[in-house]
Amino acid sequence: MFKGQPKGLFALALANTGERFGYYTMLAIFMLFLQAKFGWDQAVSSQVYSIFLAAVYFMPVVGGILADKIGFGKCVVTGICVMFLGYLALAIPTAPNAAGVALMIGALALIAVGTGLFKGNLQVLVGNLYDDPKYASKRDSAFSLFYMAINIGAMFAPSAATAITNRSLSKAGLIYKADIPALAHQFMNGTITPENTEKLTGLMGQMPDTAIQGMGLESFCPYYIEKLASSYNMGFAVACVSLILSIAIYLGCRAWFKHADVNAKQAKASEHYVELTPKQTKDRIVALCLVFAVVIFFWMAFHQNGQALTWFARDYTQSFAEGWSRIGFNIWALALIAVSVYTLFGVFQSEKKTGKIICGLVTAALWCGAYGIYKGLDNPLEIYPQLFQQFNPFFVVALTPVSMAIFSALADKKDEKHPDGREPSAPMKIGLGMFVAALGYLVMIFASKGQASPAALNGTVSPDPVVPTYLMGTYLVLTFAELLLSPMGISFVSKVAPPKLKGLMMGLWFAATAVGNYLSSIPGLLWKRVSLTANWGILMALCVAAGLVMFAMLKKLEAATKD
């Protein structure tokens, strides 16, 4: 798995891990922040969230064009510095007025620009390492490992955000209750019903500080909103720290990948450079654009994790976990389980008997540690909406070696009909990923059966919430889809992109993601207008349609990669 990879891969992957940890810590609570601080409904907050995600993934187009001229390394370092300023501005507590909105928008713009300079160009550096024929056969596995490293940072992010916000609330004599923000805003703007006033009064009485319990709703509502928003600001500040670690790793290990930091003119002088004919260049660009068009719909469906799936976690899912599902809400137990997957593979892949024994003992110790944590958890265990977002990165980290082993075994099955092995091509994996993503929303349709519409709830939570395992299952299925689509798509772009246009093509991959991210606001716009099953059904149908289109274009796409 790790054997035979260039050292530069690990340096670049770790630098990206730090940056992604900060980004996903911010993203885990960003939607909750928008609704808590400003009192925006799902339609407005979804638009802001989706426009931000679209900007984050569109700016790599600009970053790629710039990097093709001045170099990828310069853009990466500049991007980290710009992102740092953006997260710093976002961490500043402000009043929920026009000035507060303006500062937030400015901060989001800086984060988007900085990410555009950093994200795509760092991945081009990874791809350039594999232009060397010595490493060319390891390109797909390298991007799987790189993608796993991204998700290590993302896996810890929701728990970090939760711990920071809870600590900040505790200092203010408060605890988190999912329906207080919406009810508090209803009270402050005079739209609250008598039943919701009674419910809000009951929730105020659950605060741990007796002084707060008796302060009255007129004082409690603005106080709770102010302290909750400030606690989210503290969560955003974590990204600044993680960026410092990223730049330290990047600069400290630069010698490992310096040779990959070349623009198109420099690459042309390399012995590994291959000049394409105009027809080959055109065919490759067309093939890439067709893939970009299809993956738009995957990202539209996938990036409901911070929107519709988080709202479902908050409003329709039990606020506690019982039995075996509790282990999924302790990040340290998940981390031990994830590491144990790799040590277990070491049992079979170690060349020496001593290595196999050591890996076996470490695996057993990790499982014992995870079980010990599980046994010490409360039953039932209180959980928070944002914690569901740690399942996707956990599954990515834990399942990456499994997917790599499966595809490696298929690649080794060579015969006369399949001289290169039976491993599916990258375009085929992308098509399969679309169908798997559709199954994820089929799970959500079953989860939503019999539930009231969001409009009927009117800011409250469901009286009959579902068990957490529905969302856990959905994230598992969506992760299978992501492993088929995202790392393979990035690898496909780095392999097929014409040498003179590597930065631009990687940027356009992210631009397709940007379009999908903006379209992810559609379920938010429909949230209070249609039933839950209708919303999930739309996402499911789009994934199926995109998968069918991908398979219809398969021969054309595979031909372009062989030119």
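**Reading a model, feature by feature**

Visitor: At 29% relative accessibility, how does Lys199 count?

Guide: Lys199 counts as partly exposed, because its 29% relative accessibility falls between the 20% below which a residue is buried and the 50% above which a residue is exposed. Keep in mind that this is a predicted model.

Visitor: Which side chain does Lys199 meet in a salt bridge?

Guide: The partner is Asp179, with 3.0 Å from N to O. Lys199 sits in helix α7 (residues 194–204), while Asp179 belongs to the loop between α5 and α6. The two are 20 residues apart, and the pair links distant parts of the chain. Asp179 is buried, at a relative accessible area of 8%, whereas Lys199 is partly exposed.

Visitor: How many salt bridges does the count come to?

Guide: The count comes to six, on the rule that a side-chain nitrogen of Lys or Arg lies within 4 Å of a carboxyl oxygen of Asp or Glu. One of them joins Lys279 to Asp283, where the closest N and O atoms are 2.7 Å apart.

Visitor: How are Lys279 and Asp283 placed in helix α11?

Guide: Start with the general idea. An α-helix has 3.6 residues a turn, so residues three or four places apart point the same way. In this case, Lys279 and Asp283 are four residues apart in helix α11, and so are separated by about one helical turn. Lys279 is exposed at 58% relative accessibility, and Asp283 is partly exposed at 22%.

Visitor: Which side chain meets Lys429 in a salt bridge?

Guide: Glu423 does, at 2.7 Å from N to O. Lys429 is buried, with a relative accessible area of 1%. Glu423, at 28% relative accessibility, counts as partly exposed.

Visitor: Now the surface. Which residues form a nonpolar patch there?

Guide: Leu344, Phe348 and Trp367 form one, and together they have about 350 Å² of accessible area. Phe348 lies in helix α13, which runs over residues 331–349. Its relative accessible area is 64%, so Phe348 is exposed.

Visitor: Which residues lie nearest the centre of the largest cavity?

Guide: Tyr24, Tyr57, Tyr147, Phe302 and Glu482 do, out of a lining of 25 residues. Two or more lining residues come from each of α1 (7–38), α4 (98–129), α5 (139–171), α11 (278–302), α15 (391–412), α18 (469–496) and α19 (502–519). Of these elements, α5 gives the most, with six residues. By type, the lining of this cavity has 14 nonpolar, eight polar and three charged residues.

Visitor: Where does Ala512 lie?

Guide: Ala512 is in helix α19. It is buried, since its relative accessible area is 6%, under the 20% limit. The C-alpha atoms of Ala512 and Ala161 are 29 Å from each other, and these two residues are 351 apart along the chain.

Visitor: How much space lies in the second largest pocket?

Guide: About 440 Å³. The pocket is lined by 28 residues, and Gln35, Trp40, Gln42, Ala182 and Gly459 are the closest to its centre. At least two lining residues come from each of α1, α6 (180–188), α12 (308–315) and α17 (454–457). The largest share is that of α6, with four residues. The lining of this pocket divides into 13 nonpolar, ten polar and five charged residues.

Visitor: How many of the residues of α12 are buried?

Guide: Eight of its eight residues are. The buried residues of α12 include Trp311 and Phe312, and also the charged side chains of Arg314 and Asp315.

Visitor: One backbone point. Which peptide bond is cis, with omega near 5°?

Guide: The general idea is that most peptide bonds are trans. Here the bond from Asn379 to Pro380 is cis. Pro380 lies in the loop that connects α14 (353–375) and β2 (381–382).

Methods
Residues numbered from 1 in each chain as written. Predicted model: local features only at pLDDT ≥ 70, side-chain atom pairs only at ≥ 80, totals over all residues. Heavy atoms only, no water. Patch = residues over 30% accessible without salt bridge, like charges linked within 9 Å, V, L, I, M, F, W, Y side chains within 5 Å. Areas by Shrake-Rupley, 256 points an atom, 1.4 Å probe, with all protein chains shown as cover. Buried < 20%, exposed > 50% of the residue type's maximum accessible area, 1.4 Å probe, protein only. 1 Å grid on protein atoms, 1.4 Å probe; cavity = no way out; pocket = protein on both sides within 12 Å on 5 of 7 lines; lining within 4 Å. Points joined across faces, edges and corners; volume = space filled by probe spheres on them.
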